[in-house]
Amino acid sequence: MMNSADKQVRVYRAADSPKGVLDGESVAVLGYGHLGRTAALNLRDSGAKVRIGNREDEYARQARAEGFEVVPIAAAAADDVVFVLLPDEVIPAVFGGEIAPALKPGSAIAFGSGYSLAFGLIHPPEAVDVLLVAPRMAGSSARARYVAGQGFWACIGVEADRSGRAQQRMLGLAAGLGVLRAGAIQMSAKMEATLDLFVEQTFGAVLGTAIMTAFEVARDDGIPAEALVLEMYRSGEMEAVFQAFRETGFFRSAEDHGPTAVFGGITRTMAMDRGAMTESFREILRDIKSGGFAQRFQEEAGNGYPMLEFARAMMHGYSPISTAEDRLRRLTSSNAGSSGGPSAELSDPMAHQASIESTQRVAAGRGSSPSISSEPRTPWAARLIRAPGRAWTVWKHAPAGTPWKYKLVCAGVHLKALLRLAPVKYDFGGRVVLVTGAASGIGRATAEAFARAGAKVALTSRDMKQLEAIAEQLRSTGVKVSTHHLDVTDRGEAFAVIDTVAKEFGRLDILVNNAGIGQCLRLEDLQWEDTRKIVDTNLMGIIHCIQAALPIMKQQGSGQIINVSSTAGHKGIPFLSVYCATKFAVRGLTESLRMELHKEGIELISVCPGTTDTNFFRRAITNGKGWYLKSPWTHGPDGVAERILHASARHKREVVLTPEGKMMVIINKFAPRLIDFMTLKVAAKE
Ligand SMILES: NC(=O)c1ccc[n+]([C@@H]2O[C@H](COP(=O)([O-])OP(=O)(O)OC[C@H]3O[C@@H](n4cnc5c(N)ncnc54)[C@H](OP(=O)(O)O)[C@@H]3O)[C@@H](O)[C@H]2O)c1
């Protein structure tokens with residue numbers, strides 16, 4: 001058997017362009033999408049007589065506006081050369097009914113992708129030439145290169161020569177497209193389709209997985225999320241690497257990166273489990289070649305693209321990577337400093353200081369509010385029209401096995417979220433905020449959100465290294481930050497740290513009691529020391545911090561204490577017994593103190609998040625016998641932080657954060673057995 005190295009690869013260049021081969025032949029381009037439009041424009045600019053076959057839609061209107069004659073697909077298919085540039089999975093549905101019957105004997109049909117030919121999804125008539133002209137560049141870039149006088153690569157081939165002119169027609173089409181200015185590699189439709197799918201599904205999938213995994217691992221270890229997206233692709237360094245692969249060569253360009261990168265990259269590459277990857281790639285290749293993938297993709301299309309919709313819902317829904325990209329964009333946008341946020345200090349330190357001082361004067365008064373402003377959002381009517389579609393998508397794509405009642409609640413909740421009023425910007429300028437457990441998750445996001453809103457923040461946790469990394473990042477944007485080691489179970493340390501913060505900043509306005517640990521196992525499996533640890537952290541820790549902060553706040557005559565409880569502080573959850581007990585207790589403590597401290601001008605707020613995408617469940621005590629909650633709806637820590645700022649600015653008493661959580665609280669009041677049943681459904685053994 002020959003391997004690929006033994007096979008001769010034929011490459012066509014500009015010198016192979018036939019002269020005037022498409023002269024006198026009518027050319028039809030079927031489909032006016034990205035590639036169809038580029039092909040039509042390039043062919044027309046190269047002198048070919050082109051018309052478009054398309055159904056009556058906005059693409060047809062665009063083609064007419066760009067000067068093309070547009071006719072139904074069946075009419076266009078009667079031209080001399082018919083170039084099919086419809087989506088892969090659509091071709092089989094259209095071919096038998098509209099294209100094949102119209103093809104003239106002696107004409108040529110060309111495909112922009114080998115997919116439908118390769119997997120036997122269509123069978124062109126015996127009397128026509130069958131060609132492959134498959135560009136290796138997206139439509140808009142291919143057009144731009146053509147206009148600039150450059151070419152772009154393509155895979156080309158003759159599948160059937162019935163006229164004796166198939167090769168010349170193929171080269172004429174490739175030349176007219178602009179392909180031969182760069183080069184075209186000869187290939188069969190089967191080979192082209194296999195190559196295309198194989199690289200998308202192996203190299204593409206591994207690259208995507210590598211980005212997501214590296215992001216998660218490094219972020220969990222405290223590397224800023226923004227820095228990660230910058231390092232991996234936002235800086236453009238990676239593009240330069242791929243450009244070097246192209247220009248210098250994959251191995252040969254490695255020297256450009258310096259000895260550290262070469263040593264690290266090569267040694268780590270050698271240590272990767274390539275055996276498992278090779279086996280999985282072989283399996284993917286077998287599946288593609290056997291037509292298994294094509295069959296599944298055709299079923300997907302036949303069923304209305306459920307997986308594609310699911311993927312799109314994921315792509316456009318919450319993700320820590322997209323959140324980091326947005327934050328980076330905000331930080332680097334030209335008006336990043338205009339909202340009174342941290343970078344205002346950098347652009348105009350005097351004005352910023354004046355604004356802080358004026359806010360401080362206002363803030364010093366009892367019960368004064370941080371200022372709130374809102375920014376414009378998509379018009380309400382537009383959101384109203386889009387809302388049912390979005391809610392339907394959420395309903396449809398809840399993970400398999402999700403009880404319908406949960407799906408109903410969640411879809412309704414997202415509907416409500418869509419209709420929410422404009423997002424609010426807060427100004428906590430000059431306020432001093434202390435956050436416990438600020439090294440990760442909700443605590444970190446809350447500290448960062450207060451900092452963005454102009455507050456001075458004291459970050460506390462047991463992980464000083466991580467705190468320093470966060471503080472450094474915040475300082476670089478002009479925020480005043482201090483870091484303190486604090487194990488909240490240590491009463492003495494709590495008093496010392498809170499006293500230091502008050503002295504350093506001159507006051508303490510907001511105490512966020514966030515530090516907490518979870519449990520995910522049966523009560524009988526929970527060790528005594530672990531039980532104490534949960535109670536000491538989640539309940540006693542809060543009591544220590546409040547007792548330390550009260551004298552300072554009382555002396556100021558104002559203060560706000562925000563205690564992070566949980567929806568599990570409203571509704572008992574199986575396998576979270578002691579955790580739930582502490583979170584119920586936190587709510588009780590908050591409620592009592594709210595009344596007790598009312599006259600002193602000190603506000604108490606309890607915040608009850610639902611399942612949030614943090615390290616919480618990974619760090620929870622499980623003793624190796626873990627249970628976990630398969631909660632279908634997870635929220636980001638940034639969203640929780642935003643609601644904490646909202647609760648603080650609006651002087652709320654208690655906020656139950658997620659709509660699912662709110663629903664759970666309500667149902668628990670009126671139909672406790674129903675909610676017990678539903679909760680048990682989402683608890684599972686690891
Ligand atoms: N994630 C959820 O689904 C969820 C849902 C509802 C409520 N909550 C609550 O939200 C709060 C934050 O949790 P998270 O989701 O952000 O989890 P996380 O990422 O694990 O953060 C927990 C934080 O608590 C700190 N902490 C733990 N023990 C401590 C101690 N003895 N002294 C000082 N700090 C301590 C940890 O800091 P160090 O280990 O670095 O000191 C860590 O920064 C917790 O109170 C949790 O109960 C979470």
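Student: Let's start with H8 and H13. Which handedness does their crossing have, right or left?
Tutor: The crossing of H8 and H13 is right-handed. Keep in mind that this is a predicted model.

Student: Okay, and at what angle do they pack?
Tutor: H8 covers residues 189-201 and H13 covers residues 274-290, and they pack at about 145° with their axes 10 Å apart.

Student: Why give both an angle and a distance?
Tutor: Because two packed helices are described by the angle between their axes and the distance between the axes.

Student: Which residues make that contact?
Tutor: From H8 you get Thr194, Leu197, Phe198 and Gln201, and from H13 you get Ile284, Leu285, Ile288 and Lys289. By class, that contact has 5 nonpolar, 2 polar and 1 charged residues.

Student: Switching topic. What's in the sheet with S17?
Tutor: It's an open sheet of 7 strands, in the order S14-S13-S12-S15-S16-S17-S19, with parallel pairing.

Student: Which strands stand at the edges, and what does that leave them with?
Tutor: Those are S14 (481-485) and S19 (654-656); each has a single partner strand, so one side of each has no neighbour in the sheet. The twist averages 15° from one strand to the next.

Student: How many bridges join S16 to S17?
Tutor: S16 (residues 559-564) is joined to S17 by 6 bridges, and the two run parallel. For example, Asn563 has Ser606 as its bridge partner in S17.

Student: What lies across those strands?
Tutor: Helix H24 lies across S15 (510-513), S16 and S17, running at about 165° to S16. H24, residues 528-556, also supplies at least two residues of the shell around the ligand, as do H21 (441-452) and H26 (616-619).

Student: Which helix gives the most to that shell?
Tutor: H21 does, with 3 residues.

Student: How many residues surround the ligand, and which are closest?
Tutor: There are 30, and the closest are Gly437, Gly441, Arg462, Ala515 and Gly516. By class, the shell has 9 nonpolar, 17 polar and 4 charged residues.

Student: Last one: how many helices and strands does the chain have?
Tutor: The chain has 29 helices and 20 strands, and 37% of its 686 residues count as buried.

Technical notes: Residues are numbered from 1 along each chain as its sequence is written. This is a predicted model: local features need pLDDT of at least 70, side-chain atom pairs count only at pLDDT 80 or more; totals for chains, interfaces and linings use all residues. A residue is near a molecule or strand if its C-beta atom, placed from the backbone, lies within 6 Å of it. Helices (H or I, at least four residues) and strands (E, at least two) are DSSP runs, numbered from the N terminus. Ala, Val, Leu, Ile, Met, Phe, Trp, Tyr, Cys and Pro count as nonpolar, Asp, Glu, Lys and Arg as charged, and the others, Gly among them, as polar. A residue is buried if 20 or more other C-beta atoms lie within 10 Å of its own, exposed if 12 or fewer, and partly exposed in between; C-beta atoms are placed from the backbone. Axes are lines fitted to C-alpha atoms, for helices over the stretch in contact, and angles run from 0 to 180 degrees between N-to-C directions. A crossing is left-handed if the near helix is turned anticlockwise from the far one by less than a right angle, and right-handed if clockwise. Two residues are in contact if their C-beta atoms, placed from the backbone, lie within 7 Å. Two strands pair if DSSP finds at least two bridges between them.
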